[in-house]
Amino acid sequence: MDLIKRISQHFRDSAQTKLDAMEPLAGPIAQAIEAMVGCLLGNGKILACGNGGSAADAQHLAAEMVGRFEAERHELAAIALTTDSSILSAIANDYGFKMVFAKQVRALGQPGDVLVAISTSGNSPNVIEAIHAAHENDLRVVALTGKGGGAIGELLYDSDVHISVPAERTARIQETHLLTIHCLCDGIDCLLMGVEE
């Protein structure tokens, strides 16, 4: 096995996936930035959820918002719904894993907040339930998916934003989701601070 060749192919495939995604995703990412800034300026907060690598992405987003991305600025309200093991295990034990995010959205979400719902397949049952809970409580949804958007793509309202990576391979979708999160953070900072470059 030629490991160098295999590694090099991962780099090429990742770069090509991002280039292929640039044109179809730039518009939805810009819409998501505007929705999230509107939420934050209205004293709202960002809630984020996902499973596995997408859980890590939810935490990454919250960390960049509460801490900082690249520029110093005031803290922004964001919560990853993936981090409290007591809440997660209690809900999973009592209600099933399908409800671990939905119950948190109902408890913490307020009208005008934004739920960032991350699922590479678009079919994660607990993310789908979180979206239902968001809609019931008048939260706007920004969905990050791939593989055509799956069931989540069918659930979204016209007021929601769907950022669906045009790829089938989970690793490539997750890599593009991370780039998307960095674009969101950068765009939010630019709009809030008036940064042009």
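So, to start: is Cys183 buried, partly exposed or exposed? Quick reminder that this is a predicted model. Cys183 comes out as partly exposed, at 31% relative accessibility.

While we're on cysteines, the disulfide count here is 0. For Cys183, the nearest cysteine sulfur belongs to Cys185 and sits 9.4 Å away.

Right, on to the packing. As a general point, nonpolar side chains in soluble globular proteins tend to be buried together. Here the largest nonpolar core has 33 residues, and the ones touching the most other members are Ile46, Leu61 and Val116. Elements giving two or more residues to this core include helices H1, H2 and H7, plus strands S1 through S5. H1 gives the most, with 9 residues.

If you click on Val116, you can follow its contacts, leaving out residues up to four places away in sequence. Val116 touches Met36, then Ile46, Leu47, Ala48 and Cys49, then Leu61, and finally Val142 and Leu144. There's also a second, separate core of 23 residues, with Leu88, Met99, Phe101 and Leu156 among them.

Next, the helix pair. How do H1 and H7 cross, left-handed or right-handed? That crossing is right-handed, with the axes coming within 7 Å at an angle of roughly 40°. In the contact of H1 with H7 we have 15 nonpolar residues, 6 polar and 5 charged.

Last bit: backbone angles. Most residues other than glycine have a negative phi. So which spots did I flag? One is Asp138, with a positive phi near 60°. Asp138 is in the loop between helix H5 and S4, and it's exposed, at 55% relative accessible area. Then, at the other end of S4, the loop running to helix H6 holds Lys147. Lys147 also isn't a glycine, and its phi is positive, about 55°. With 32% relative accessibility, Lys147 counts as partly exposed.

Notes. Residues are numbered from 1 along each chain as its sequence is written. This is a predicted model: local features need pLDDT of at least 70, side-chain atom pairs count only at pLDDT 80 or more; totals for chains, interfaces and linings use all residues. Side-chain values use heavy atoms; hydrogens and water are left out. A nonpolar core is a set of buried Ala, Val, Leu, Ile, Met, Phe, Trp, Tyr and Cys residues joined through side-chain atoms within 4.5 Å. Buried means under 20% relative accessible area, exposed over 50%, partly exposed in between (1.4 Å probe, protein chains only). Helices (H or I, at least four residues) and strands (E, at least two) are DSSP runs, numbered from the N terminus. Contact means heavy atoms within 4.5 Å. A disulfide is a pair of cysteine sulfur atoms within 2.5 Å. Axes are lines fitted to C-alpha atoms, for helices over the stretch in contact, and angles run from 0 to 180 degrees between N-to-C directions. A crossing is left-handed if the near helix is turned anticlockwise from the far one by less than a right angle, and right-handed if clockwise. Ala, Val, Leu, Ile, Met, Phe, Trp, Tyr, Cys and Pro count as nonpolar, Asp, Glu, Lys and Arg as charged, and the others, Gly among them, as polar.
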